[in-house]
Amino acid sequence: MLVDGVFSGGGIKGFAFVGALQVLEENDIHFERVAGTSAGAILAAFLAAGYTVDEIETMLDELDVSTFLDSPKTVLPFPFMKWINLYFRMGLYQGKALEKWFYEKLSDRNVYTFDDLPTGSLRLIASDLTNGTMMVLPDDLSKYGVSPGTFSVAKALRMSCGVPFFFQPVKLRVAQGESIVVDGGVLSNFPIWLFEDESGKKERPVLGLKLSNPRENMEPHKINNGLNLFEALFSTMKNAHDERYISRIHEKNIIFIPVENYSATKFDLDDETKEHLIEIGRIRTTQFLKSWDATTKKEKFIVET
């Protein structure tokens with residue numbers, strides 16, 4: 001069965017997607033087009049590039065994610081300098097190591113730009129803070145005077161994964177000036193709407209994979225200090241747009257994977273935690289598929305002529 005897939009953001013918690021993908025593959029469910037934000041963008045890009053689920057699992061298992069923490073070089077090697085860098089460079093880490101890894105893995109499948117992928121097969125979300133707008137990559141690049149097809153997929157991934165203050169934002173230099181671009185989750189952490197037309201019709205079933213419980217099952221934020229306040233603020237901001245869009249109709253096509261108790265930026269995950277996240281993905285997807293197939297067959301889709 002062919003479906004279009006949408007993956008939510010969630011940082012390191014994205015290991016749970018591997019378990020979900022394993023179960024979908026075992027049930028002969030495959031993706032024609034994919035889209036995602038942040039961690040979901042990474043999984044979507046690797047699938048679009050032709051990686052199998054087993055290859056993605058091996059790739060992530062061998063990865064030392066701490067290598068992505070590439071602090072800017074400083075003249076004075078004092079601890080407080082990282083906070084100075086945060087102020088002037090707007091991020092603790094450069095993000096160059098992250099983009100380099102994307103480039104290397106995609107180039108192994110001969111994918112460098114969006115022209116190397118089937119048209120429309122991959123769409124990623126980023127946030128243009130300069131203009132206060134959501135960016136759908138590669139579609140919206142033409143608005144910036146940039147040729148969508150020739151744009152680097154690795155660069156687009158870096159833009160979608162740029163967690164504010166954690167990674168330095170990407171500065172997209174275009175004819176109109178410069179746009180500061182950060183994590184797509186700031187404006188849409190789960191773009192389940194991407195594969196629907198204005199009337200809500202779809203070409204094929206759209207399956208969403210979201211790293212959270214359904215809204216009614218989520219616990220309220222505990223805010224006792226400034227850090228809690230920032231986390232609650234960012235979480236609320238990420239989900240506000242998508243929660244307005246997701247209705248009961250959409251929920252029946254979403255695999256909710258509850259991983260709220262894990263940190264999105266804990267880059268030193270041990271093997272046991274990785275396996276636990278993968279197992280959560282497997283369990284929730286297995287439960288979901290028991291009822292999903294029957295309801296999907298009742299939906300009407302766009303007939304291409």
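Which residue forms a salt bridge with Glu99? The legends below begin with that pair; keep in mind that this is a predicted model.

**View 1. Glu99 teams up with Lys155.** Here's the partner: Glu99 forms a salt bridge with Lys155, and their closest N and O atoms sit 3.2 Å apart. Lys155 has a relative accessible area of 28%, so it counts as partly exposed.

**View 2. Glu55 and Arg109 meet in a salt bridge.** Look for the N to O distance of 2.8 Å between these two side chains. Once again, distant parts of the chain are linked: Glu55 is in helix H3, while Arg109 is in the loop between helix H5 (96–107) and strand S4 (122–128), 54 residues apart.

View 3. Zoom in on Glu203 and Arg204, whose side chains meet in a salt bridge at 3.6 Å, N to O. Glu203 counts as partly exposed, at 30% relative accessibility. Arg204 counts as buried because its relative accessibility is 16%, and buried means under 20%. Zooming back out, a search of the whole structure turns up nine salt bridges.

**View 4. A patch of negative charge gathers on the surface.** You'll find Asp61, Glu62, Asp270, Asp271, Glu272, Glu275 and Glu279 here. Helix H3 (53–62) and helix H9 (271–296) are the elements that each give two or more residues to this patch. Which of them gives the most? That's H9, with four residues. Asp270 has its place in the loop between strand S10 (254–256) and H9, and at 41% relative accessibility Asp270 counts as partly exposed.

**View 5. Pro164 sits in a loop.** This loop runs between helix H6 (153–160) and strand S6 (165–167). Is Pro164 buried or exposed? At 19% relative accessibility, Pro164 counts as buried, because the cut-off for buried is under 20%. Now find Asp183: Pro164 and Asp183 are 19 residues apart along the chain, and their C-alpha atoms are separated by 6.7 Å.

Conventions. Residues numbered from 1 in each chain as written. Predicted model: local features only at pLDDT ≥ 70, side-chain atom pairs only at ≥ 80, totals over all residues. Heavy atoms only, no water. Buried < 20%, exposed > 50% of the residue type's maximum accessible area, 1.4 Å probe, protein only. Patch = residues over 30% accessible without salt bridge, like charges linked within 9 Å, V, L, I, M, F, W, Y side chains within 5 Å. Areas by Shrake-Rupley, 256 points an atom, 1.4 Å probe, with all protein chains shown as cover. Salt bridge = Lys/Arg side-chain N within 4 Å of Asp/Glu carboxyl O. Lys, Arg positive; Asp, Glu negative; His and termini not counted. Charge placed at Lys NZ, Arg CZ, Asp CG, Glu CD.
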